[in-house]
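Colleague: I would like a close look at a single part of this model, starting from one side chain and its surroundings. Please then go on to the rest of what can be said.

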Amino acid sequence: MKIGIIFTAYNCDDYIERVLSPWLELRDDLNLVLTANSGMFSDYVKLGFKEKNEFTLQQLVKSKLDFLVTTSGKHLLDEDSSRSLCLDYLKKQNCDLVWAVDGDEIYTKEDIIN
């Protein structure tokens, strides 16, 4: 079985390393395909938020995920479009199951295996 993971992580400095760690450790054993979307969504700009994602993005790049979508600047994606790009990638990888994980959702290796 091939399992696709979609991490949605923006400004998750306090959590991102703990979120990613067990997934990265189990990547080969569980045949995981790891994707992430990380960037300010268009709705955040409308709400007046300042862009703050540098550390989270650095950690995602350092983790060497299979696919990463990131946006910044004036022409941003909405959350659904950003996740859909990851989902489209996972479909092409013939994943049997897709699991969405938020950037502050921390699972242990045992949680994931069970």
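With which side chain does the side chain of Ser 82 make a polar contact?

Modeller: The partner is Asn 37: its side chain and that of Ser 82 make a polar contact at 3.2 Å. Bear in mind that this is a predicted model. Ser 82 is part of helix α4, which spans residues 79-92. Its relative accessibility is 5%, and because buried means under 20%, Ser 82 counts as buried. Leaving aside residues up to four places away in sequence, Ser 82 touches Asn 37, Phe 41, Val 69 and Leu 77.

Now to the aromatic rings. The whole structure was searched for aromatic pairs, and 5 were found. In one of them, the ring centres of Phe 7 and Trp 23 are 6.1 Å apart and the planes stand at 80°; planes over 60 degrees apart count as edge-to-face, so this pair is edge-to-face. Phe 7 and Trp 23 are both buried.

Trp 23 also pairs with Trp 99: the centres are 4.7 Å apart and the planes are at 85°, so this pair is edge-to-face as well. It too joins distant parts of the chain, from Trp 23 in helix α1 to Trp 99 in strand β4 (residues 97-102), 76 residues apart. As for accessibility, Trp 23 has a relative accessible area of 0% and is buried, whereas Trp 99, at 24%, is partly exposed. Tyr 107 belongs to the picture too, as ring pairs link Phe 7, Trp 23, Trp 99 and Tyr 107 into a cluster.

The crossing of α1 past α3 is right-handed. On the α1 side, the residues that meet α3 are Ile 16, Glu 17 and Leu 20. Their counterparts in α3 are Phe 55, Thr 56, Gln 59 and Leu 60.

Terms used. Residues numbered from 1 in each chain as written. Predicted model: local features only at pLDDT ≥ 70, side-chain atom pairs only at ≥ 80, totals over all residues. Heavy atoms only, no water. Phe/Tyr/Trp six-rings, centres within 6.5 Å; stacked < 30°, edge-to-face > 60°. Buried < 20%, exposed > 50% of the residue type's maximum accessible area, 1.4 Å probe, protein only. Helix = DSSP H or I, 4+ residues; strand = E, 2+ residues; numbered from the N terminus. Polar contact = N/O pair within 3.5 Å; in protein donor to acceptor, adjacent residues only side chain to side chain. Contact = heavy atoms within 4.5 Å. Left-handed = near helix turned anticlockwise from the far one by under 90°.
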